[in-house]
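Keep the viewer open and click along as you read.

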Amino acid sequence: MIGYSEVLQTMAAMIIFSMILMNANSMIHRNSTLHIDGELEQEVISLGQEIIEEARSKSYDNVTVNASAPPALIPGGFTAAGNLGVDSGESIRTNFNDFDDYDGWSTTMTTTHGDFDVSVEVFYVDDTNYQKITSPSTFKKIEVTVQSEFLREGNGPREYVLEFIRNYYAD
Amino acid sequence: MNIGMVTSYIIAGMLLLGIAMMNINVQSSTAELTISQMVREHMVNITEILNDDVPNMGYHVDRTTADVSSTGNRILLEADSSKISFYRNLTDDASRTPDLITWELKQDTVFTGNPGIKTLTRSVQFQSTGTPDENDIQLGVTRFQIRYYDTVGEPLGNNMPTPLTAAQLQDVEQIYIVMEVQSREPVLQRATGDGRFVRTVWEKRFTPMNLQ
C-alpha cells in the first residue's frame, strides 16, 4: 500500500468535497428559486388586484346597472344566487357591466413573466360571518385564483387566491 | 517521487480548483439574491406611490370627481407613452383646488455603472399656491411605459395610440403601466467580463373609479 495511501486519502477528500459541492448546489438552486418565485408572485398580486379593481368599477348587480332607482326589494330584488355570472349579450370581458359578471370567467393572461391562468368566482356572503350563502344579500365576495406553471407546489401549480368583499351600500 | 504521490498532487490540485470555483459560484448567487432584494425594494417604494396616485386620479372630496374648469373638466391633462399628468385632491380639504400630478421618465443618464438607468420624476403642481414640487426618483428605473384603453377589459395590444389628443383624454378608462428597475452595478459571474444587471419588472392595469 506504500505510495497508494495518498491516493486513498485523496479519494476520501473527494468524497467529502462532493458532499459539500452538492450542498452548495442545493443552496444556489434555492437562491434562484427564491428569486424567481418573488418576481412571479409580484405579478400574481398585480393580476389579482387588476381583476378586483376592474370588477369594483362595475355596478353591484345587474338590476342596478344604469338604474334610475334602487330595486324595490333589497336584497331580495338582486339577481338570484344561482343566476350570478354573465348575462345575455355579455360573452366577453369588455361587455361585463356588473360585479358578478366575472363569476365563472377564466382566461390566460400573457405578461412579461409568461402566462398566468386566472379564474374568478363571485358569490353572495352572509353579512355577519361572510360565509357563502345561496340567497341574495347586500354583500358579494370575489375570489380571483391565479396560477403559473412556474410556481409549483408538489406536482401541480400553486394556487394564489385574492379576495374582496363588496357591500352594496358602500359603493 | 512515486506515482501515488504524483497522482494525489494532481487530484488535490483539481480539488482546490473545484473548491475555488464553488466558492465563486456561491458568492455570486448570494450577491445576486441580495441585490435582487434591494432592486425589488426600490420597485416597491415606487409602486406604493403609483398605487396611491393612479387609482385616486380625479379624486376630490366626498367621492366627487375633480372639477377643473380651466381644462374643460378633464381629469387627464396629458397622456403619452412615458408621461402622464392628471388632477387629484391630495387631501380631504374640500376648499382645496385639486393638484396636478405628473409622472415622467426623463431620457437622461443617471449612473455611469448602468447607463440604462433614467430619472423618473413625480411632480406636484399645487394649484392653490401655484408652487411646483419636483421629486426625482433615481432608484434604477430603466423603463416606464404607459398604455391607455378606452374600454375596460380590452386585450393589452388594443391600446390607444399615444400621445392622446384632447378629445381622446376624456375616453380613457384603463391605464396600464409597466416599469423595470435594474441594479446600479452588474453582477459578475467570473473575475473578468461585463457581468449582467439584476432586474425586476412590475406591470399593472389600473381602473381608476373616476374615469368610469
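## Where the chains meet

In this predicted model, 35 residues of chain B are in contact with 31 residues of chain A. On the chain B side, H1 and E8 are the elements that each put two or more residues against chain A. H1(B) gives the most, with 18 residues.

**Overall build of chain B**

- Chain B has two helices and eight strands, and from the N terminus on they run α-β-β-β-β-β-β-α-β-β.
- The radius of gyration of chain B is 25 Å, while the globule rule gives 17 Å for 212 residues, so this chain is more spread out than a compact globule.
- Along the principal axes, the C-alpha atoms of chain B fill a box of roughly 95 × 40 × 30 Å.
- Of the 212 residues in chain B, 28% count as buried.
- Take the chain B contacts between residues at least 6 apart in sequence: 55% of them join residues at least 24 apart.

- Helix H1 of chain B covers residues 3–53, which makes 51 residues.
- From first C-alpha to last, H1(B) reaches 75 Å, close to the 75 Å expected at 1.5 Å a residue.
- Which residues of H1(B) are buried? They are B:Ser8, B:Ser29, B:Glu32, B:Ser36, B:Val39, B:His42, B:Met43, B:Ile46 and B:Asp53.
- The cover over those buried residues comes from both chains: it includes helix H1 (5–56) of chain A, along with E3, E4, E5, strand E7 (174–182) and strand E8 (199–206) of chain B.

**The five-stranded sheet**

- Five strands of chain B make an open, antiparallel sheet in the order E1-E2-E3-E4-E5.
- At the edges sit E1 (76–79) and E5 (132–137) of chain B, each pairing on one side only.
- Neighbouring strands in this sheet are turned by 15° against each other on average, direction ignored.
- As background, strands of a sheet pair through backbone hydrogen bonds, either parallel or antiparallel.
- Strand E2 (residues 83–88) of chain B pairs with E3(B) over six bridges, in the antiparallel sense, and B:Ser85 has B:Thr102 in E3(B) as its bridge partner.
- E3(B) also pairs with E4(B), antiparallel and over six bridges; here B:Leu100 stands opposite B:Gln125 in E4(B).
- Strand E4 (residues 120–125) of chain B and E5(B) are joined by six bridges too, again antiparallel, and B:Gln125 stands opposite B:Pro132 in E5(B).
- How much of strand E3 (residues 99–105) of chain B is buried? Five of its seven residues are, so E3(B) is largely enclosed by the rest of the structure.

**Nonpolar cores**

- The largest nonpolar core has 20 residues, and the members that touch the most others are B:Ile75, B:Leu76, B:Ala79, B:Phe86, B:Tyr148 and B:Val172.
- E1, E2, E3 and strand E6 (141–149) of chain B are the elements that give two or more residues to this core.
- If you click on B:Phe86 and leave aside its neighbours within four places in sequence, you'll find it in contact with B:Met57, B:Gly58, B:Ile75, B:Leu76, B:Leu77 and B:Ile101.
- Another core, of 18 residues, lies apart from the largest one; its members include A:Ala55, A:Leu84, A:Phe96 and A:Val118.

Conventions
Residues are numbered from 1 along each chain as its sequence is written. Chains are lettered from A and ligands numbered from 1 in the order in which they are written. This is a predicted model: local features need pLDDT of at least 70, side-chain atom pairs count only at pLDDT 80 or more; totals for chains, interfaces and linings use all residues. Two strands pair if DSSP finds at least two bridges between them. Helices (H or I, at least four residues) and strands (E, at least two) are DSSP runs, numbered from the N terminus. Axes are lines fitted to C-alpha atoms, for helices over the stretch in contact, and angles run from 0 to 180 degrees between N-to-C directions. The radius of gyration is taken over C-alpha atoms; the globule rule is 2.2 Å times the number of residues to the power 0.38. A residue is buried if 20 or more other C-beta atoms lie within 10 Å of its own, exposed if 12 or fewer, and partly exposed in between; C-beta atoms are placed from the backbone. Two residues are in contact if their C-beta atoms, placed from the backbone, lie within 7 Å. A nonpolar core is a set of buried Ala, Val, Leu, Ile, Met, Phe, Trp, Tyr and Cys residues joined through C-beta atoms within 7 Å. The expected span of a helix is 1.5 Å times one less than its number of residues.
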